[in-house]
Amino acid sequence: MSLIIRVIVNALALWAAVFLIDGIEVGTDDTIGQIFVYLLVGAIFGIVNAVIKPIVKTVGCLFYALTLGLIGLVVNALLFMLTEWIAGLFGLPFSIDGFWPAFWGALVVTIVSWLLSMFLPDGRDD
C-alpha cells in the first residue's frame, strides 16, 4: 500500500511541476490519459530515485561534502532528465526542454513530495 501512495504522491508532484514550470509537458489531452501518464512517470521517477540516487550519492560523496549538498540539486535535475528519457523509451508523452526546466521541475517535485508526505502516515505505530 505504501508503494501505491508513493507513486500517487510522485504523480501529484509531477502534475505540479508541469503546471508551474514552462518547458515540462505531458503531451496528451484527455484526462484519463494524463492521469495514466502521471502515474507511470511517477512510478519511473520513484524507481530512478530508489535505485540510482543512492549510488550517485555514495560515489559522489566528496562532491556533496565540498558543495555543502548543493550538487544534490544538479543530481536531482539529471535524474529528472533520466526519468524523461526512460519515459520516452516506453512511449510516454512526457518531455522536458533542457536542463533548467529539469532543475526547477525537480525542485518543485521535491518540495511538493515533501509537503504531501508530511500529511501521510509513516507506518510507525507510536
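In the predicted model described here, N76 is buried, with a relative accessible area of 15%, where buried denotes under 20% relative accessible area, exposed over 50% and partly exposed the range in between, as computed with a 1.4 Å probe and protein chains only. The model is a prediction in which local features need pLDDT of at least 70 and side-chain atom pairs count only at pLDDT 80 or more, whereas totals for chains, interfaces and linings use all residues. Residues are numbered from 1 along each chain as its sequence is written, and side-chain values use heavy atoms, with hydrogens and water left out.

The residue N76 belongs to helix α4, which spans residues 71–89; helices (H or I, at least four residues) and strands (E, at least two) are DSSP runs numbered from the N terminus. The side chain of N76 is joined to that of K53 by a polar contact of 2.8 Å, a polar contact being a pair of N or O atoms within 3.5 Å, of which, within protein, one must be able to donate a hydrogen and the other to accept it, with residues adjacent in sequence counted only if both atoms are side-chain atoms. When residues up to four places away in sequence are not counted, N76 touches K53, A106 and T110, contact being defined as heavy atoms within 4.5 Å.

Helix α4 as a whole has 19 residues and reaches 27 Å from its first C-alpha to its last, close to the 27 Å expected at 1.5 Å a residue, the expected span being 1.5 Å times one less than the number of residues. Its buried residues are G72, V75, N76, A77, L79, F80, T83, I86 and A87, and the elements that cover them include α1, β1, α2, α3 (61–66), β2 and α5. An α-helix has 3.6 residues a turn, so residues three or four places apart point the same way. Just after α4, G91 takes a positive phi of about 75°.

The largest nonpolar core comprises 31 residues, of which L14, I24, V41, F80, F94 and V109 touch the most other members; such a core is a set of buried Ala, Val, Leu, Ile, Met, Phe, Trp, Tyr and Cys residues joined through side-chain atoms within 4.5 Å. At least two residues of this core are supplied by each of α1 (2–20), β1 (24–26), α2 (31–59), α4, β2 (94–96) and α5 (99–118). Leaving aside neighbours within four places in sequence, F80 is in contact with L14, I24, F45, F94, I96, A102, G105, A106 and V109. In soluble globular proteins, nonpolar side chains tend to be buried together.

Apart from neighbours within four places in sequence, V108 is in contact with A16, A17, L20 and I21; V108 and L20 are 88 residues apart in sequence, with their C-alpha atoms 8.2 Å apart in space. S113, also placed in helix α5, counts as buried at 10% relative accessibility, and its contacts beyond four places in sequence are with R6, V9, N10 and A13.

Two loop residues were also considered. T28, in the loop between β1 and α2, is buried, with a relative accessible area of 17%. Setting aside neighbours within four places in sequence, T28 is in contact with G33, Q34, V37 and P93, and the C-alpha atoms of T28 and P93 lie 6.7 Å apart although the two residues are 65 residues apart in sequence. L68, by contrast, counts as exposed at 78% relative accessibility; L68 is placed in the loop between α3 and α4 and has a positive phi of about 55° although it is not a glycine.

At the level of the whole chain, the protein has 5 helices and 2 strands, which run α-β-α-α-α-β-α from the N terminus on. The radius of gyration is 15 Å, close to the 14 Å that the globule rule gives for 126 residues, so the protein is as compact as a globular protein of that length; the radius is taken over C-alpha atoms, and the rule is 2.2 Å times the number of residues to the power 0.38. Of the 126 residues, 36% count as buried, and residues 24 or more positions apart account for 74% of the contacts with a separation of 6 or more.
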